[in-house]
Amino acid sequence: MRILRPLDRYVFGQFWTTFVATAVGFPLLVIIIDLVDHLDKYLARNLAGKAIALSYLYWIPDSMVMVLPAAVLFATVFSIGAFTRHAEITAAKASGISFHRLVAPIFVAAALATGLAFALGELVPITNAMRSKLLEEHKFDTGSNRFNFAYSADRGRVYKIATLAADRHELTGLQIERKGMGPDYPTRLVNAQRASWDSTRGWLVRQGVMHILPDSSTDIAISFDSLRQKQFTETPVELLSSERSPHEMGYRDLEHFIQALERSGRNANELKVELALKFAIPLTCIVIAIFGAPLATSTQRGGAAYGIGVSLATTVLFLMLIQITKAIGAGGIVPPTLAAWIPNIVFGTIGLIFLARART
């Protein structure tokens, strides 16, 4: 007997039609609203129309990531709601097909949406960086000094700086860390008292020690009076801008950044929540399908309007719960990783209870 039957293809097709429309339609609506709000700012920067259009193309992955769970919910509620209103679920049960077996293709589709969310999550830091460059987001004046900050650079490098005087092209209390992967690509840690910037030759790092760590038990320390780091290419003005947000870093980059912050004695709970959410948000697609499937059987009461109301209310509640748990995780009330998973645990538990009680 074939696993994929005509009924499975029908259910999958009904779900996927709504899912694609929602997953693409919502980001396009967000893009239009954002363009209207910021067009004057972009034109004031003398940006070309092609650059603005391309920047929004790069923004699509970022705008889709958070929408995918909502798209799964809308697709689940509308497809199962339509089956309920048209008595197709009743007909399937009369043919010996249980409700759980009928909606199995929806859970398969939700798993595919989870894979898509993971892929987009790793693509987002790349496309956001390209968008930021096109929109010249880092070319702004924030003053000439900055104190006690960390800056996440490319290629897994993290700078920790005590004092930056951009107007004098100087900084003090510098630490540069590059996480390694073994003896062939060892971890490097540079500690220096100060550094100065030259527009033609870059940063000259002075009076420090370079540590080369090929493994956990070996530390090769090299003292220096002056040193040039070819990969330390960020200008003083670029260092004045804030470090990249979690949405601009992939999972590994963010993990390394958190480790560097903790070694410097800073509280990284908020970033730990964001790190855990990079896994929790994609898996929400499956959780929300489990929650929405039994809930959708009640949409026959009010048709499409009821389905929209249920979907929107659930989405708003879920997003509110994420914001609340992010706050309590950042505050250390609960462990950051647990805080990130609380919404999935709550909705998943309720969904499993509803699913177990659904008439099969």
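What share of the 360 residues of the chain count as buried? I began with this question and found that 45% of them do. I note at the outset that the model is predicted.

**Entry 1: the chain as a whole**

I looked up the secondary structure and recorded 11 helices and six strands. I then took the extent of the C-alpha trace, which spans about 85 × 55 × 40 Å along its principal axes. The chain exposes about 18,600 Å², and carbon and sulfur atoms supply 61% of that area. I also looked at contacts between residues at least 6 apart in sequence; 64% of these join residues at least 24 apart.

**Entry 2: helix H3**

I checked the length of helix H3, which covers residues 67-85. At 1.5 Å a residue, its 19 residues should span 27 Å. The C-alpha atoms at its ends are 26 Å apart, which agrees with that expectation. I next asked how many of the residues of H3 are buried. The count is 17 of the 19, so the helix is largely enclosed by the rest of the structure. Just after H3, I noted that Ala 87 takes a positive phi of about 65 degrees.

**Entry 3: aromatic pairs**

I searched the whole structure for aromatic pairs and found 18. Phe 12 and Trp 16 form a stacked pair, at 5.5 Å centre to centre with 10 degrees between the planes. Both belong to helix H1 (residues 6-44); because they are four residues apart, about one helical turn separates them. I recalled that an α-helix has 3.6 residues a turn, so residues three or four places apart point the same way. Phe 12 counts as partly exposed, at 26% relative accessibility. Trp 16 is likewise partly exposed, with a relative accessible area of 28%.

I then examined Phe 26 and Phe 74, whose ring centres are 5.8 Å apart; their planes stand at 80 degrees, so the pair is edge-to-face. This pair links distant parts of the chain, since Phe 26 lies in helix H1 and Phe 74 in helix H3, 48 residues apart. Is Phe 74 buried or exposed? Phe 74 is buried, with a relative accessible area of 9%, whereas Phe 26 is partly exposed at 34%.

I also recorded one aromatic cluster, formed by Tyr 151, Tyr 159, Trp 197, Trp 203 and Phe 232.

**Entry 4: charges over rings**

I looked for charged groups placed over aromatic rings. The charged end of Arg 131 sits over the ring of Trp 59, 4.7 Å from its centre. The charged end of Arg 146 sits over the ring of Phe 149, at 4.1 Å from the ring centre.

**Entry 5: nonpolar cores**

I found that the largest nonpolar core has 46 residues. Those with the most contacts inside this core are Phe 15, Phe 19, Leu 68, Val 72, Ile 80 and Phe 99. Which helix gives the most to this core? Helix H9 (residues 269-296) does, with 13 residues. Apart from this core lies another, of 22 residues, among them Trp 197, Trp 203, Ile 212 and Leu 239.

Phe 19 is in contact with Leu 68, Ala 71, Val 72, Ala 75 and Ala 113.

**Entry 6: Val 103**

Val 103 is buried, with a relative accessible area of 2%. Val 103 and Pro 294 are 191 residues apart in sequence, yet 9.5 Å apart in space, C-alpha to C-alpha.

Definitions and conventions: Residues numbered from 1 in each chain as written. Predicted model: local features only at pLDDT ≥ 70, side-chain atom pairs only at ≥ 80, totals over all residues. Heavy atoms only, no water. Helix = DSSP H or I, 4+ residues; strand = E, 2+ residues; numbered from the N terminus. Expected span 1.5 Å × (residues − 1). Buried < 20%, exposed > 50% of the residue type's maximum accessible area, 1.4 Å probe, protein only. Phe/Tyr/Trp six-rings, centres within 6.5 Å; stacked < 30°, edge-to-face > 60°. Lys NZ or Arg CZ within 6 Å of the ring centre and 35° of its normal. Contact = heavy atoms within 4.5 Å. Areas by Shrake-Rupley, 256 points an atom, 1.4 Å probe, with all protein chains shown as cover. Core = buried A, V, L, I, M, F, W, Y, C linked by side-chain atoms within 4.5 Å.
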